[in-house]
Amino acid sequence: MSTEEDTVQEKKTISLKTSDDEVFELEENVAMEFGTVKAFFGDDGVPRDMMMPIPNVHSKELTRIIDFCTKHLDLKPKAELDEAGKKELRKFYKEYMKEDTTERIMELILAADYLNVNDFLDLLNQTVADRISNKSVEYVRKLFGIESDYTPEEEEALREQYAWAFEGVDEDPAED
Amino acid sequence: MANRNKRFKKEEDQSQNTRGVYTSHLPELVINRIVSHLSTKNVVKASILSKEWASVCSSVLVLDIDEDEGNEQRDDHKKQRREFRKFLTSCLKIFEKQKYLEKFRLRMRYLGAADSTIYKSVSFALERNVKELDICFKREIKGTNCKYFCLHQTALNNAKSLIILKLENLNMKEDSIDIISFPSLKTMSLKGVRFNTSTGFSRLYSGCPSIECLSLTLCHGWNVRLSGSRLKHLEIMSCEIKLRVEATNLESFKFRGDRGFRRHIIDMHKSFYIASCQTLRSLEFSHTHFPIEWFKGLDSRFPYLERLVLDTCFCHSGIINISSQNLKSLGFHECGNNLFNFSLNAPNLSEATITIEQRSHYDRLRCFLGNFGSCKKICLHVNEPEICIFPEEMRKKSSPLPGLQCLAVDIETVTTTAAHSALMDSLRWMAPSLEFLSINRKYHNSLQFVHSVV
């Protein structure tokens, strides 16, 4: 055992290695927000200074996930204290994904899913859902590259049966 | 699960619009999660995207159907209503195979028809062990002949799994001598609900042994007695009822005294009795008229009180005198310039939210603010900045808030830059030890945040 344990407690860090061979050092409390990391190290057993490979995550996504978790960890306890804190957390959720393209969000979903970052996943999924809500079927098909396997007659029949659901649709956005 | 980790790639050389086009297949798990955040209207739409999407869509656990969703632009109301009813019936078929539902929410207008479809929806949800049932009928404000949906209580017979029940704008009819049992119900919220008998609500409530949160809004004419040891949170908003609360573990009580548009202030003393709730931690009153001695002995009646909100309340005698040892948080919205007659003795108060609408005598304001000397954090809402721009002569006196560390000011009306800077000067005198100040003001009809560290 190293002598460092006898000295003043230093901030514990965890190292992660991404698919593009970049090594990130995170504070332990942030890293433990990742379910996959938490499971990997467990309560004891695997030593914390061992580098954990995350071959399915690119550094670009990891940077963003770390950013979310750090900010989220800061705001969450304040939200439990008072109304002002709750308001700030709500505002954070509202604004955080504003600038991202849907494509970017899908990339983040994959990474957050692999790392098991539930809070971020919830926000990402909600953001995508909000973006496809009230949009035309054609727009959503194009967005996700979905090929319809319905015949035109089948589709027409469904549209007629659930006519109410197809009313009040927004104009397709110019670009995303 | 091998699909999970595929990366999305953009096809640069497609002839169509290439931005945001995926060629990789969205994994089913991802589709499932996205769909679970959609309203039912959008879920049904999404089921047309492809047969795979249809399969994922038919297994959602939440049905959230709102007749007014996205339909503000439509003129052909009759056709829209017909189509909605047809849609509601179709929904019950699409999701028929689902064995289990977490939540069923239905929000629609009621115009005298569609009773059987509504009943079918309720039983559909209950058969699938739904945990949360939320049925809300929109009230037509302009209609003179307002029809109310009548719910027979036996329709809620099969509610073993129900944890949350919310009903809005309907009539409840007791059609059985037996009491309907809600063994798992923890939260009940009734708004604009009418019973056909005077004991209707009491009997409904007696079938809920596990209830923890109760909220009643715009319910009138009842004689309510709430006892039991499970009830923790109680909300009575704009109701004209006789209330007696003897719940031994009540933690929070929220009360609003006015009835809709009329400022019908309910006298706390006559109609309401909550004196024996010693476990109360949070009290919130709005538009309430207190009898003279109501605030006396607050500490002995509510020894654990931590949070108190008084919003547009007044006291018969005109004086509000609060003394509470454990109080940590206070909310105060003035009413008719009652700032003058307010005194506070709360040594452990650490945070306060104060709303002031009118300008008042600055010396009185200084004394009023001095009541909050022990606070670390204050949120101040004012109609115009002039309300707290103390004149120069006044600033020779001692600061009302010497120990304040954090101040957030919200200004309702448009503020000029000159007023803003005068305000900053005044605030610096008001709270010389400020570490964090934020001013939120309207500037040319838009909100602008100005954060600054003093």
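Predicted model: local features only at pLDDT ≥ 70, side-chain atom pairs only at ≥ 80, totals over all residues.
Q: In which sense do strands S1 and S2 of chain A pair?
A: A strand is a DSSP run of E with at least two residues, a helix is a run of H or I with at least four, and both are numbered from the N terminus. Two strands pair if DSSP finds at least two bridges between them. Here S1(A) (residues 13-17) and S2(A) (residues 23-27) pair in the antiparallel sense over five bridges. For instance, A:Lys17 has A:Val23 in S2(A) as its bridge partner. The hairpin has five residues between the strands, and A:Asp21 takes a positive phi near 60° there.

Q: And in which sense do S1(A) and S3 of chain A pair?
A: In the parallel sense, over two bridges, with S3(A) covering residues 52-53. Look for A:Leu16, whose bridge partner in S3(A) is A:Met52.

Q: Which residues of H6(A) are buried?
A: Buried means under 20% relative accessible area, exposed means over 50%, and partly exposed is in between (1.4 Å probe, protein chains only). Among the buried residues of H6(A) are A:Phe120, A:Leu124, A:Asn125 and A:Arg131. Their cover includes H5 of chain A and also helix H1 (28-35) and helix H2 (40-46) of chain B.

Q: Which residues touch the most other members of the largest nonpolar core?
A: In soluble globular proteins, nonpolar side chains tend to be buried together. A nonpolar core is a set of buried Ala, Val, Leu, Ile, Met, Phe, Trp, Tyr and Cys residues joined through side-chain atoms within 4.5 Å. The largest one here has 182 residues, and A:Phe34, A:Phe120, A:Phe144, B:Leu190 and B:Phe372 touch the most other members. Helix H5(A) (residues 102-115) gives the largest share of this core, eight residues. Leaving aside neighbours within four places in sequence, B:Phe372 is in contact (heavy atoms within 4.5 Å) with residues including B:Leu330, B:Phe342 and B:Leu401.

Q: How many aromatic pairs are there in the whole structure?
A: Rings of Phe, Tyr and Trp (its six-membered ring) pair if their centres lie within 6.5 Å; planes under 30 degrees apart are stacked, over 60 edge-to-face and the rest tilted. The search finds 31 pairs over all chains. B:Phe201 and B:Trp222 have ring centres 4.9 Å apart and planes at 15°, so they're stacked. B:Phe201 sits in helix H6(B) and B:Trp222 in strand S8(B), 21 residues apart. Both are buried. B:Phe368 and B:Phe372, with centres 5.3 Å apart and planes at 70°, are edge-to-face.

Note on methods
Residues numbered from 1 in each chain as written. Chains lettered and ligands numbered in written order. Heavy atoms only, no water.
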